[in-house]
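Dear colleague,

Please find below the structure I promised to pass on to you. My notes on what turned up in it follow.

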Amino acid sequence: MAKLTWHTGSVLPFASLWHTLRRLAALNALQWSELPFTTPPSGGAPRCTRLDLLFNVACRDGYYSTTPGLSIDRLAPALAEPVDAFAWSHFHRLNGSWRGLLHPFMRICPACMAMGYHSALLCLKPLRRCPIHHLELVSRCGCGRGFDSTVDRTVLLAPGHCSCGRTGYFTRETCRRPIMTLQDTLPMLPVVAWLESLSGVVLSGSLDAEWGDTSDRMPLASLATWCEALGIGYPACFEPSERVSGLRCTDTPTREPSRPHARQCVMAGQQDTLLQRIDAETTRVYRALNRHLRRHHARGSESIGIDFLLHPDPLQIASALRENRTALMAFADLLFCRSIEPAVMRRRWPSRRPDDGVRGIGIRLDVPKTHAMFGLSPETQSQLARRVATAVIVHAWRRAQHLAIAAVRTGVADWRGVGEPLSTATDSHMPQVQRLTWAASIVGGKLRFVSSAAPAAVDWSLPRPEKRERTLAWRRDVAERTAARTAACRGPCLTWSFEQGWTVVDSTGPGAGPAKRHRLLDGREVIGYFWLFAAENGFVARACGARIQTSGHTPLEAVNLLRLALRQFRSRFVLPTRPSVLADTHHPGRTDLQIELDARVSACLVEFGFWSGASRLHDIAYDHLDKVRRQGQWQQADAQT
């Protein structure tokens with residue numbers, strides 16, 4: 001790029017590229033094709049027709065792109081200015097997660113503009129007044145047109161003022177050299193130091209959605225508290241923010257050796273990213289908490305979760321939660337697993353096909369990009385991933401607990417929004433204070449992790465018996481299981497085979513070998529339970545709900561024959577079913593409104609399913625309550641008349 005007409009040293013610290021380009025275009029009558037684009041068009045590449053100088057990126061087809069706009073390395077030598085003079089002239093180096101802190105338009109200080117100076121730092125949302133002159137910042141011209149941060153070829157035709165001519169950006173004198181001195185820009189230094197500190201902070205996802213104009217009340221209003229917790233100085237020129245409580249802050253030495261179980265994640269390879277580490281740590285924590293819940297919180301709750309899936313009436317579920325503590329924990333466990341693992345229904349609950357091969361745990365999270373913590377050691381990244389995984393899993397479990405408690409309190413079970421990722425802001429059915437927000441930074445050689453307050457902890461742990469009591473309970477369970485197995489495998493019974501069909505034989509006992517009770521599936525339907533044990537000539541599958549047994553050379557052959565036999569048996573007789581936790585809510589004398597409710601719930605379940613139809617089932621429940629209320633008012637009015 002050739003030398004341009006310019007007064008060397010006239011670029012003051014933190015002067016905006018938006019204002020400098022306008023001055024340059026006015027002094028040199030600069031054309032659009034003469035601008036030093038970073039990627040000049042070559043061959044069939046599309047030309048850049050618009051620039052966003054707030055971030056110095058090219059705009060193509062009306063959308064912002066990640067392509068850099070102007071090349072500062074080419075522009076600075078052409079003006080005989082050092083490259084450092086353009087530091088923070090735009091926000092391209094600001095982490096994308098923090099760009100929600102900026103207004104999408106330019107704001108000016110009238111006093112600064114009169115002195116031929118403008119800084120892009122004035123676009124920060126926490127700034128309401130100019131740090132230099134303490135005047136209100138202006139975002140619109142007197143004609144009502146906003147100060148757009150984008151420029152195109154038409155702007156370069158009249159770069160010194162708004163298109164209406166009312167607001168001038170510089171005069172003939174200030175276009176050559178601003179009147180403002182270097183000392184006048186010193187109040188901008190705390191703001192720049194604050195931005196430099198933010199470049200080393202990792203956030204829970206992008207702040208474009210969380211800190212935008214639509215839902216920025218919680219993070220932006222408490223910005224000072226978050227900066228204080230992260231060890232970042234909050235500039236005094238910013239607007240004071242409200243104090244919030246409940247932020248959890250933990251410090252971990254960055255040189256602390258990783259735990260043995262996390263070493264495999266740390267040493268996985270040079271191409272590991274923070275996303276992969278968080279996924280690996282989240283899977284470990286999720287599995288550990290699942291084991292803890294099954295042992296100490298929700299023992300024996302699998303069948304209750306099946307009842308909820310087959311009878312998704314929000315009113316019946318809430319009634320069952322009130323009466324049965326195990327059902328309360330089963331409902332919370334169901335919501336917790338679904339919010340973390342999308343394929344949990346096919347992996348854990350028996351409403352899957354027998355041949356559906358789902359292996360492993362698929363975690364679904366919205367996590368930040370790795371460039372936010374560039375240069376960290378693998379051990380430090382592993383520590384950060386462990387902190388994130390623990391915060392996410394604990395938040396998910398407590399949120400599920402409070403959803404179950406809310407169902408007991410309101411009388412209507414609500415599981416809307418459970419299928420969405422936890423770290424996103426699209427969960428419109430959850431209170432905003434229950435959304436997980438976290439940040440991490442390096443302070444004094446330590447990794448500081450700050451997270452928002454999770455819902456209050458609810459202790460649902462079952463009593464922990466002593467070893468003697470556990471031994472007695474185990475022996476009692478073994479005796480009961482042995483007695484049930486012996487009672488089921490006694491006397492004559494039916495058997496079925498392809499060669500002989502139905503025949504009557506003596507029951508085959510399990511003997512002293514191991515025997516286990518399993519659930520028998522037929523497609524997506526549970527058709528009963530059966531005992532499977534080894535016999536003299538192979539393996540035997542004995543049904544629990546009917547006196548039927550089949551035998552085969554392998555366990556799979558015996559189970560498949562039992563499934564075929566029960567299909568034929570069910571076509572002529574009705575098999576007894578186990579009692580449901582929701583059976584108590586079905587009364588023999590049901591009203592027309594209750595029959596209508598059952599029909600609507602069944603139709604919604606068939607058409608949409610348990611999770612996709614959550615919003616419709618919620619509306620059906622409240623519609624039923626409204627009809628019951630109006631019917632009661634009519635009956636009361638009839639009684640009075």
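In what follows, a residue is called buried under 20% relative accessible area, exposed over 50% and partly exposed in between, with a 1.4 Å probe and protein chains only. Please bear in mind that this is a predicted model, in which local features need pLDDT of at least 70 and side-chain atom pairs count only at pLDDT 80 or more, while totals for chains, interfaces and linings use all residues. Residues are numbered from 1 along each chain as its sequence is written, and side-chain values use heavy atoms, with hydrogens and water left out.

Salt bridges

The structure holds 13 salt bridges, each being a side-chain nitrogen of Lys or Arg within 4 Å of a carboxyl oxygen of Asp or Glu. One of them joins Arg-128 to Glu-136, with the closest N and O atoms 3.6 Å apart; Arg-128 is partly exposed at a relative accessible area of 47%, and Glu-136 is partly exposed at 36%. Another joins Glu-596 to Lys-627 at 2.9 Å between the closest N and O atoms. Because Glu-596 lies in helix α18 (residues 592-608) and Lys-627 in helix α19 (residues 614-640), this pair ties together parts that are 31 residues apart in sequence; helices (H or I, at least four residues) and strands (E, at least two) are DSSP runs, numbered from the N terminus. Glu-596 and Lys-627 also belong to a network of salt bridges with Arg-600 and Asp-623.

The sheet and its helices

Four strands form an open, antiparallel sheet in the order β5-β7-β8-β6, where two strands pair if DSSP finds at least two bridges between them. β5 (202-203) and β6 (248-253) stand at the edges with a single partner strand each, so one side of each is left without a neighbour in the sheet. Helix α15 (residues 378-410) lies across β5, β6, β7 and β8, running at about 20° to β8; axes are lines fitted to C-alpha atoms, for helices over the stretch in contact (heavy atoms within 4.5 Å), and angles run from 0 to 180 degrees between N-to-C directions.
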